[in-house]
Amino acid sequence: MKAIRRFTVRPVLPDTLRPLSDLARNLRWSWHAETRELFRSVDPDGWRAAGGDPVRLLGSVPAARLAELAADEDFLGRLAAAAGDLDDYLHRPRWYQEQHGDLPAGIAYFSPEFGINAALPQYSGGLGILAGDHLKSASDLGVPLTGVGLLYRHGYFRQTLSREGWQQEHYPVLDPHELPLTLLREEDGTPARVSLALPGGRALHAHIWVAQVGRVPLLMLDSDVEENQPGERDVTDRLYGGGSEHRLLQEMLLGIGGVRAVRTHCRLTGAPAPEVFHTNEGHAGLLGLERIRELAGEGLAFDEALEAVRAGTVFTTHTPVPAGIDRFDRDLIGRHFGEGGELPGVDVQRILALGTETYPGGTPGLFNMAVMGLRLAQRANGVSTLHGAVSREMFAGLWPGFDPEEVPITSVTNGVHAPTWVAPEVDRLGPDPAPAELWQLRRTLREQLVGEVRDRLRASWRQRGAVTAELGWIDSVLDPDVLTIGFARRVPSYKRLTLMLRDPERLTRLLLHPTQPVQIVVAGKAHPADDGGKRLVQELVRFADDPKVRHRIVFLPDYGMAMARTLYPGCDVWLNNPLRPLEACGTSGMKAALNGCLNLSVLDGWWDEWFDPDFGWAIPTADGAPSEDRRDDLEAHALYELIEDRVAPRFYDRGDSGVPERWTEMVRRTLTNLGPKVLADRMVRQYVERLYAPAARAHRALDHDRARELAAWKARVRAAWPEVAVDHVEAGEECGVVELGATLALRVRAALGPLRPEDVEVQAVAGRVDTDDRIGDARICTLKPTGGPDLEGRWCFEGPLALDRTGSFGCTVRILPAHRLLATGADLGLVALPTESTGEGAGVLMR
């Protein structure tokens, strides 16, 4: 029989054990080993059955065991110590509180997914794991962050395989009452609620659940409430599910509803109102529109509210390809924000203009969430140095007239939260471990991985229909003394899951090498709607099913955080072979590196930035290949050669001691030199210093009066800009060969129309030039106005330009809008450049 109602029945904890509830409800236990060990000691078997989730554990502990613990002085002492440690962690000043300067009192961090722990499965891949690590490190550093997301009642999906190796998806129902969550309630005890207006007089309501991530509250909006109609109840059913309108409703609830949830949380808890709003990818970008609506209610016009919102907004893009951006039909947007829809009082045409692809090749009929995110944020960043450059190229059309390197998108390279991802055995290493100690550690971790793989593989084959009598071979799968390579990530085509299968015979020879064998552990999920990705999974699975090699290569289904915590430490080498430059960052290799695993990767994402031969190997790329097939062939061949000629020989190069000295030295340098770079603490500090603090200062500077001033100035400048021109350029020296250290006296005559010199900045842009006369490594000098306008209304600007570099050298001039409240001269996307008739060509050129 099937139950018609489901209840969560919790035990009543004795008074002396009440701190267990507080410890379980704060997700700090997910990265605090002592607290996890305390819960494990409550009931070791129950802990394993609960998947290491304290909330589930406490829901199943027998009353007799609780009574026994309540009288156990040793346990009570450990409990008191853990509770005291958590209290100290939550209230003692940390890094943020020790900083000087005017830092933001509060920051709201919006993301469509958060990977905090396997006990709260609200993530699909790297974006969510990154968001979870961001929250954890913000907590460790004392950054006053509030996370905002959605509570998906089915999470992402659980992955199994059919007998034929085809991915199958399962969506278990999650009960919030069985998760480490608390329902936010009004002072009268009723659930706090946010509501959105929908077309046709309908409404979307959501409750707010709070996950306490150390010091950071994570607000999660849940549409599965009785007040909603069936269609609206399902808005938060699953992560990245449903069609276009379903996704739009999710993003409206995340962005617009999320701002309302933050306001409600601040009202009920007394938390400071955020001064900075951080949009982690475009899914949450609609938060800016809600903030415009709020300010419109305070008397600001749209343009004035837009300036105030932009000042305090940070936008992080994670995708290096246009296909990875959410784009909606403009009619769909118009229907939801038009008459009878959301954001009353905000002109729907102004909303549509924010997401319009106004650059060459753009599609005017689509509303681009990333484009809107960039237009609503004064500060934007990519997630590695290379990805920042790729993003500047990708979005350069929004800033016509500027070279891509001047597009105002910076970068903060991602990081990973060490306490979450570092194995306890690695954490216990001393500062200068001996080679033999490192080698023994690596074998211990490899042995743990082998045991985990066999358990998971056996469970997978049973799900595929095998019986115990068929599975004796699993006892010999993998060998704790064989070089182990790991590959685990989502399975979009650009990550090339099956590049290793390009030459199956050669891969087989590597796996079965008589003296230097290799073994590979693979995991990953394809999106449920991506049949191409599922075919890649099936191709890998079928190869791994071959009795000839199945003891050397395995595919583990249902990749997630629980699996990852054993997989990263247990591998010797972490493989990453995306199509360059399509990997925005690729943090899986960072997690592996923190455990002494060496990287074998294409120079993409973070590895392009921090590759060093001490840390691993770079897979050569074939960027100019005539076809994708040819490129894959060449790069696969390079991968095989690296493993065969360099990686495996170094691993098996043992001296008399039996220890591979050069290998362990690479492990040591990875831990000591690379480890500090890949930390999320470093990442969050950089967000605070480079983005949050400047955004907070800009937010404070732009009160209502200044917002009005800036909006009016921008409107005046945009209207006048067609009349702005570089009229004439003169240099005090003749063009040709000049000596190093000479100075050019530049004189520029400019037409400004109705504008005045204080509205613009006239710049000389100088540097070395290539054969096409393109200026590189440019240096910018500001020219100063001299006197008033001439009889023709032209203004003169002058300044010296030092020739401090040898070789081919070039200079040009340009005019940009300038205002004290602008974050960058490129803010308006306006620039006036010389024409061929200006004088001296398009500038000054010396060879």
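1. β17 and β18 pair in the parallel sense over six bridges. Strands are DSSP runs of E with at least two residues, helices runs of H or I with at least four, numbered from the N terminus. Two strands pair if DSSP finds at least two bridges between them. Leu483 has Val518 of β18 as its bridge partner. This is a predicted model: local features need pLDDT of at least 70, side-chain atom pairs count only at pLDDT 80 or more, and totals for chains, interfaces and linings use all residues. Residues are numbered from 1 along each chain as its sequence is written, and side-chain values use heavy atoms, leaving out hydrogens and water.

2. β17 (residues 483–488), helix α19 (residues 504–511) and β18 form a right-handed β-α-β unit. Right-handed means that, with the strands pointing away from the viewer, the path from the first strand over the helix to the second runs clockwise. β17 also runs parallel to β20, joined by two bridges. There, Ile485 stands opposite Val573.

3. Six of the six residues of β17 are buried (under 20% relative accessible area, 1.4 Å probe, protein chains only). Leu483, Ile485 and Phe487 point one way, and Thr484, Gly486 and Ala488 the other. In a regular strand the side chains alternate between the two faces of the sheet.

4. Why is strand β28 largely enclosed by the rest of the structure? Nine of its nine residues (809–817) are buried, so the strand is largely enclosed. β25 runs antiparallel to β28, with nine bridges. Gly767 has Gly810 as its bridge partner.

Notes. Buried means under 20% relative accessible area, exposed over 50%, partly exposed in between (1.4 Å probe, protein chains only).
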